[in-house]
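Here are some friendly notes to read alongside the model. Please keep the structure open as you go through the points.

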Amino acid sequence: GSMNKTDNYLDKHRESVHSPNNVSLRKFWVKRRKELGFSQRDLAKKLRVAHPLIGKIETGDRRLDILEVMLYCEALDLDPHEVITFLHNLEELNFNF
C-alpha cells in the first residue's frame, strides 16, 4: 500500500484526548483566555465561531488542526512559537518514529 511507516505509527499512536500532553495543552489555552479576561463567548466572537465550540476545544471533545491553532493563537494574542515551545518543553512529549 501507499502507507509509510510514519502514517502507520501516527494512526496507532495518536494521543488520547486524556493524555497528559493534551490535558496540558487545554490548560494552556484556558489559562491564556482567562489572562486576557475573555469568556468562552468572547473568544468565539473573535474567532467567528459558535461559542459551544470553545467549550468543546477546552474539554477535548474537539481538537484543533495546525491551521486552527494559528487562528487560535491570533485570537489569544499569542505567537504560535510560544505554543510550540510550551509543547516542546513537556516532558511527556516524545515522538519516536
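1. H5 gives the largest share of the lining of the second largest pocket, namely five residues. H3, H4 and H5 each supply at least two residues of that lining. Helices here are DSSP runs (H or I, at least four residues), numbered from the N terminus. A pocket is an open set of points on a 1 Å grid over the protein atoms alone where a 1.4 Å probe fits, with protein on both sides within 12 Å along at least five of seven lines; lining residues have an atom within 4 Å of a point.

2. Before going further, please note that this is a predicted model, in which local features need pLDDT of at least 70 and side-chain atom pairs count only at pLDDT 80 or more, while totals for chains, interfaces and linings use all residues. Residues are numbered from 1 along each chain as its sequence is written, and side-chain values use heavy atoms, with hydrogens and water left out.

3. Back to the pocket: which residues lie nearest its centre? They are Leu47, Val49, Glu68, Leu71 and Tyr72, out of 13 lining residues. The second largest pocket holds about 220 Å³ of space, a volume being the space filled by probe spheres set on the points. Its lining divides into nine nonpolar, no polar and four charged residues. In this scheme Asp, Glu, Lys and Arg count as charged, while Ala, Val, Leu, Ile, Met, Phe, Trp, Tyr, Cys and Pro count as nonpolar.

4. Tyr72 also belongs to one aromatic cluster with Phe28, Trp29 and Phe86. The structure holds three aromatic pairs (ring centres within 6.5 Å). One of them is Phe28 with Trp29, whose ring centres are 5.7 Å apart and whose planes stand at 70 degrees, so the pair is edge-to-face (planes over 60 degrees apart). Are these two residues buried or exposed? Phe28 is buried (under 20% relative accessible area) at 17%, and Trp29 is buried at 3%.

5. Finally, look at two loops. Most residues other than glycine have a negative phi. Arg48, in the loop between helix H3 (40-47) and helix H4 (52-59), has a positive phi near 55 degrees. Asp77, in the loop between helix H5 (66-75) and helix H6 (80-88), also has a positive phi, near 50 degrees. Arg48 counts as exposed (over 50%) because its relative accessibility is 76%; Asp77 is exposed too, at 59%.

Technical notes
Buried < 20%, exposed > 50% of the residue type's maximum accessible area, 1.4 Å probe, protein only. Phe/Tyr/Trp six-rings, centres within 6.5 Å; stacked < 30°, edge-to-face > 60°.
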